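I opened the notebook for a look at rings and strands today. Come along and keep the viewer handy.

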Amino acid sequence: MATASWNGTMIAQADNAQVQLVDNNVYFPQACVNMDYLQASTHTSVCGWKGTASYYDVVVDGKVNFNAAWIYRDPLPDARNIAGHLAFWKGVNVER
């Protein structure tokens with residue numbers, strides 16, 4: 001079971017999380033993420049083999065971790081297994 005937590009709160013947990021071998025990030029299916037803790041950000045980034053990522057701020061108990069989660073809604077073909085999955089960084093504790 002993979003989990004993601006921040007500021008003492010469980011944000012995501014999944015038995016079927018995807019691990020990308022190239023970047024070693026854990027990608028959680030959106031259905032396994034508590035979206036109550038995420039607020040859409042205007043930030044985006046582009047990866048040459050995954051495509052364009054959209055970001056979320058993680059918000060727990062009034063504390064904000066800006067752009068700490070991202071999703072590839074329409075990834076490039078080589079990364080289609082992470083379509084609709086979220087990953088975390090910037091101090092979010094991810095365990096697998």
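**Aromatic pairs and the sheet**

I started with W70, which counts as buried at 7% relative accessibility. A reminder to myself: this is a predicted model.

Next I looked up Y27, which is buried too, with a relative accessible area of 0%. Both fall below the 20% limit that I use for "buried".

How do Y27 and W70 meet? I found an edge-to-face aromatic pair, 6.2 Å centre to centre with 85° between the planes. Y27 sits in strand 4 and W70 in strand 7 (residues 63-71), so this pair ties together parts that are 43 residues apart in sequence.

I then turned to F28 and F88. Their ring centres are 5.8 Å apart and the planes stand at 65°, so I noted this pair as edge-to-face, too; the angle has to be over 60 degrees for that label. F28 belongs to strand 4 and F88 to strand 8, so parts 60 residues apart in sequence are tied together here. I checked burial as well: F28 has a relative accessible area of 0% and is buried, and F88 counts as buried at 5%.

How many aromatic pairs does the structure hold? I counted five. I also listed one aromatic cluster, formed by Y27, Y55, W70, Y72 and W89.

Six of them form an open antiparallel sheet in the order 3-4-8-7-6-5, with strand 3 (18-19) and strand 5 (38-47) at the edges. Strand 4 (residues 26-29) pairs with strand 8 (residues 85-88) in the antiparallel sense over two bridges. I noted L86 in strand 8 as the bridge partner of F28.

Terms used:
Residues are numbered from 1 along each chain as its sequence is written. This is a predicted model: local features need pLDDT of at least 70, side-chain atom pairs count only at pLDDT 80 or more; totals for chains, interfaces and linings use all residues. Side-chain values use heavy atoms; hydrogens and water are left out. Two strands pair if DSSP finds at least two bridges between them. Helices (H or I, at least four residues) and strands (E, at least two) are DSSP runs, numbered from the N terminus. Rings of Phe, Tyr and Trp (its six-membered ring) pair if their centres lie within 6.5 Å; planes under 30 degrees apart count as stacked, over 60 as edge-to-face and the rest as tilted. Buried means under 20% relative accessible area, exposed over 50%, partly exposed in between (1.4 Å probe, protein chains only).
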